[in-house]
Every structure is written in structure tokens, then in C-alpha cells.
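Please examine the structure shown here together with its sequence.

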Amino acid sequence: MSKQIDSNRRIGVLALQGDFAAHARALNRLGVEAVEIRTASALEELSGLIIPGGESTTMLKFLEAEGMTAPLIEWVKGGGALYGTCAGTILMANRVTHPVQPALRLIDITVERNAYGRQVDSFIGRADGHDLGGDPLELVFIRAPRIVEVGKEVVVLARYEGDPVLVRQGRRLSSTFHPELTQDLRIHELFLGMAARDSTSARHDSPRRVAG
Amino acid sequence: MADSSIRLKTGLAEMLKGGVIMDVTDASQAKIAEDAGAVAVMALERVPADIRKEGGVARMASPKKIREIMQVVSVPVMAKVRIGHFVEAQVLEALGVDFIDESEVLTPADEEHHVDKHQFKVPFVCGARDLGEALRRIGEGAALIRTKGEAGSGDIVEAVRHLRSVCGSIRRLTIMGEEELMAEAKRLGAPYELVRMVARDGKLPVPNFAAGGIATPADAALCMQLGAETVFVGSGIFKSEDPAARARAIVKATTHFKDPKVVLEASEELGEAMRGLDVQKIAKEELLQTRGW
């Protein structure tokens with residue numbers, strides 16, 4: 001893994017609420033400084049943004065109250081790389097159910113909230129087949145959502161018991177689990193690659209088959 | 001597996017960081033709290049200010065009330081059990097609450113022992129006044145620590161005292177020599193292995209939140225600047241003039257705790273705060289924070 005600080009990549013973590021500090025630690029371990037983002041104007045300098053886990057209803061209200069919703073969508077459509085975990089995935093989705101709530105419509109998936117139950121049903125699973133290469137992925141699911149539908153532009157990178165748990169559409173990446181709560185940095189590394197401005201993989205839009 | 005269990009428990013606590021957890025006594029209050037941006041709600045029979053006023057034995061809230069609250073909100077629902085009352089905890093786990101607060105606000109059920117929290121799948125939060133108490137609770141399996149403060153007082157002084165005490169003791173540990181840690185563990189009354197862990201990491205092994213006496217947006221921002229990672233607000237919201245507005249204001253000030261301009265905005269156009277009680281004027285035997293061992 002690269003330990004160099006890359007001036008080409010400035011990565012922010014949305015710090016309105018949630019486990020933003022855990023994502024910042026993961027980025028730091030990859031030698032990248034993470035910027036805490038709480039305002040729309042702070043987006044401008046970034047090449048990539050992570051929306052952490054937390055409470056999606058709370059984050060939605062914050063985005064609205066801060067006037068960040070429209071600037072965030074615009075920033076992503078202008079080419080900013082976006083990665084959402086858990087609540088972040090719920091925010092990014094095109095459609096959200098259980099209950100139905102507004103979404104930013106940035107990735108063509110349908111997400112069902114709290115699909116595995118309440119906290120007592122939270123669990124750690126494993127994905128043996130995935131597209132990242134190497135060892136199985138440890139999947140920490142906390143009051144996790146489930147991706148119940150993916151559009152044809154969306155590439156499934158990992159599944160758990162048949163359900164997509166890590167998906168990508170262009171420069172947008174979503175996981176229903178929390179790699180930031182493990183020692184595994186592969187997903188953050190993948191995202192850093194996506195966020196590099198000159199990255200040739202940035203236009204990796206074509207659908208692909210996935211293992212698992 | 002023990003390791004995965006504690007990771008899932010502290011994992012949920014991580015998700016609640018940077019937010020406000022609000023005490024609610026029924027479904028309509030829970031909805032107001034969620035709409036105002038609460039990251040979780042705490043279900044209880046009476047808010048601490050009323051427990052203080054009305055007296056009597058304070059117990060776990062009725063399962064019916066808790067279930068009604070669970071039905072109307074999608075954020076995590078917490079509920080309180082009496083210190084040491086592991087059967088109330090079993091009942092809440094069976095009910096499916098997301099977090100249990102083993103709380104000094106309720107009348108203790110055991111004057112020596114706390115609940116063995118390792119036996120549960122549901123995570124626990126416990127109050128602490130100092131580092132020793134925090135580490136004893138973590139040793140018993142707590143996934144989240146909060147200051148006790150003085151619940152129902154509307155007076156922030158005790159929460160500040162407890163935050164300063166925990167954070168100050170952590171800082172002291174980080175400059176101690178390895179050979180000093182056993183004596184310090186003895187002094188703190190805390191498990192040695194946890195003392196070593198804190199000395200190495202410079203922080204608690206679980207998140208550290210503030211509670212007890214937070215009544216205004218500035219109180220919330222004060223706790224955050226002192227090192228708390230989230231705030232619990234009990235009587236401060238639903239004992240104020242306009243609960244919805246105060247809830248929104250406290251949420252806003254907590255997110256932007258480092259920005260005085262935003263805390264100012266949040267502090268404006270609010271009705272009266274809860275009247276509150278000066279902690280110095282509360283009789284010693286009526287203090288809630290001295291419950292817990």
C-alpha cells in the first residue's frame with residue numbers, strides 16, 4: 001500500500017454525525033489526511049468524500065438544515081468521488097424503503113433500512129468471493145440496510161448470502177457494512193484510487209460480472 | 001465470540017457520535033426528538049426532574065410504552081434499568097431495545113453489584129464520575145460511558161466535573177511509567193489491564209459521552225469542547241418552554257460545537273430553559289450521582 005501523501009487527492013469525511021473519526025483513522029493509516037466536512041463550501045477543495053455510518057434520518061436533516069443537499073449532489077455530478085458506508089449508502093441510494101425517505105439519488109440502487117433487524121440482530125459476516133482480490137472480507141453489519149435492487153450501470157463487488165453488500169457505479173462506491181471498524185484497508189484503498197483525479201480507473205463504468 | 005460481540009456493541013456507540021440522545025416518555029415526544037435530529041432516544045417513565053420532584057421508586061419504563069416508542073421512530077431506542085437489576089435488562093433485551101442504560105437515575109436494585117453486561121447481546125451504557133468508575137463499568141462489559149453529572153438538575157457543573165476528572169486522569173496515565181501503572185490501578189480501583197490500555201492509547205477503549213444537567217445549546221457545546229463525543233439531554237428538552245425548538249437548537253450546537261457563531265445562532269430565539277436546581281442546594285442524600293459502586 002502507498003504511504004505517500006498524495007497532493008492530488010484531498011479526501012473529506014462528512015462529519016455532521018456518525019463514525020467519521022473511524023474513517024479518518026483508516027485514511028490516516030493509508031497516509032492520507034482526512035478533512036472533516038461540516039459545510040457546503042468545504043466540498044470545493046475535495047477530490048473524494050466519505051459519508052460515514054450513523055443515523056441516516058439525522059444526517060438528512062443536517063444536510064437540509066446546512067443547505068448542503070444541492071451542493072453535495074452538484075459536487076458529485078461534477079466528478080467528485082463518493083463513498084458511503086451503511087447510513088451513507090442509504091443517503092446515496094436512488095430509492096429507500098422501510099420506511100420510505102428522501103434520498104440523494106446518486107447511485108442506482110434500492111435500499112431497505114434496518115433490513116436485518118434491531119441492534120441485537122447486528123452481526124459480523126464474511127464474503128469469500130469478492131472483486132478486491134486476496135483474503136475474504138470481514139463484514140461488520142450494525143443495524144444494517146440491505147441493497148434489494150441494483151441498476152444495470154451498477155457493478156456488484158461483493159455479496160453476502162446473495163445480497164450485494166459492496167457496489168460501484170463510476171466514481172461512486174457504497175457498502176452496507178463497516179470496513180472502517182476492521183483492520184482491513186482494501187476498500188479505502190480502492191476508494192483512494194477512484195478519487196485520484198488522473199486515475200484511469202475513474203471511468204470504470206461498464207458493468208462486470210462478480211464472483212460470489 | 002466475545003471479541004465480535006464487544007465490537008458490535010461499541011460499533012453502534014461509534015454510529016451515535018457527534019449527536020444528541022434525548023430522554024422521552026412517550027411516542028409523541030419520541031417523534032418530536034427524531035424530527036429535531038436526535039441520533040437516538042432514551043425511553044423512560046418519568047424524566048429525572050420529575051423523579052426528583054415526585055419521589056417514589058423509579059423503575060424501568062413499561063414495555064408497552066417502550067414498544068410504542070420503538071414503533072414510531074427509526075433511530076435506535078435506548079431504555080434504562082435500575083443498577084444491578086439484570087432481570088429488567090433481560091426483559092429489555094427480549095423486547096429488542098438497541099441500548100440499555102444501567103442508570104443511577106432509577107432507584108438502585110443492588111447496592112454492591114452492577115449487571116454483568118458480558119452476558120448480554122444488547123450493548124450497555126453506564127454513568128461514571130471518574131476514570132476508576134468508568135473502567136470498572138467497562139470491565140463489566142459496558143460499551144459506552146457517559147458522565148453522570150447530576151440528572152434532572154439543569155445544572156451543568158457536575159457533568160463538567162466528571163468530564164474533567166475522566167479526561168484529566170487519562171492524560172495523567174499517558175505520562176506514567178509502566179512500573180507506576182499497578183499502583184495507579186489500585187488507587188483508581190480499576191482493572192489493571194484496562195489501565196494499561198488507556199495509558200497506551202490515551203483514550204477510553206469505548207466512546208465517552210456526556211450526560212446530567214445539560215439544558216442549553218451552550219451547555220452541549222461546552223461538553224463537546226471538553227472532550228465528550230455525544231451528549232444526552234434528559235429533562236432539559238421536554239421541561240423547557242418549546243421542546244421542538246430547543247431540541248433542534250441543541251442538536252445544531254452539538255454538531256458545530258467548535259463554531260461560536262453557530263452556537264450563538266442556536267442560542268437565539270429560544271424560549272425559557274428549564275428552571276433547574278443549583279446542585280449545591282440539593283441535599284447530599286438526594287444526589288443521584290452517588291448511586292453506583
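## Side-chain pairs and the sheet

B:K148 and B:E133 are both buried, where buried means under 20% relative accessible area, exposed over 50%, and partly exposed in between (1.4 Å probe, protein chains only). The two residues form a salt bridge whose closest N and O atoms are 2.6 Å apart; a salt bridge is a side-chain nitrogen of Lys or Arg within 4 Å of a carboxyl oxygen of Asp or Glu. This pair links distant parts of the chain, with B:K148 in the loop between β6 (144-147) and α7 (157-174) of chain B and B:E133 in helix α6 (residues 131-139) of chain B, 15 residues apart. Helices (H or I, at least four residues) and strands (E, at least two) are DSSP runs, numbered from the N terminus.

The model is predicted: local features need pLDDT of at least 70, side-chain atom pairs count only at pLDDT 80 or more, and totals for chains, interfaces and linings use all residues. Residues are numbered from 1 along each chain as its sequence is written, chains are lettered from A and ligands numbered from 1 in the order in which they are written, and side-chain values use heavy atoms, with hydrogens and water left out.

**Salt bridges.** Over all chains, a search of the whole structure finds 33 salt bridges. Three of them are listed below with their N to O distances.

| Salt bridge | N to O distance |
|---|---|
| A:D163 and A:R146 | 2.7 Å |
| B:E229 and B:K17 | 3.2 Å |
| B:K148 and B:E133 | 2.6 Å |

A:D163 lies in strand β11 (residues 163-169) of chain A and A:R146 in strand β9 (residues 146-150) of chain A, so their pair ties together parts 17 residues apart in sequence. A:D163 is buried at 19% relative accessible area, whereas A:R146 is partly exposed at 23%. The charged end of A:R146 also sits over the ring of A:Y116, 4.6 Å from its centre; this requires NZ of Lys or CZ of Arg within 6 Å of the ring centre and within 35 degrees of the ring normal.

B:K17 is buried, with a relative accessibility of 8%, and B:E229 is partly exposed at 26%. A further network, joined by salt bridges that share partners, comprises A:E55, A:R118, A:R143 and B:D98.

**Aromatic pairs.** Ring pairs link A:Y116, A:F123, A:F141, A:Y160 and A:F177 into a cluster. Rings of Phe, Tyr and Trp (its six-membered ring) pair if their centres lie within 6.5 Å; planes under 30 degrees apart count as stacked, over 60 as edge-to-face and the rest as tilted. The whole structure holds nine aromatic pairs over all chains. One of these, A:F123 with A:Y160, is tilted, at 5.6 Å centre to centre and 40° between the planes. A:F123 lies in strand β7 (residues 123-127) of chain A and A:Y160 in strand β10 (residues 155-160) of chain A, so the pair ties together parts 37 residues apart in sequence.

**The sheet of chain B.** Eight strands of chain B form an open sheet in the order β7-β6-β5-β4-β3-β2-β1-β8, with parallel pairing; two strands pair if DSSP finds at least two bridges between them. The edge strands, each pairing on one side only, are β7 (208-209) and β8 (231-233) of chain B.
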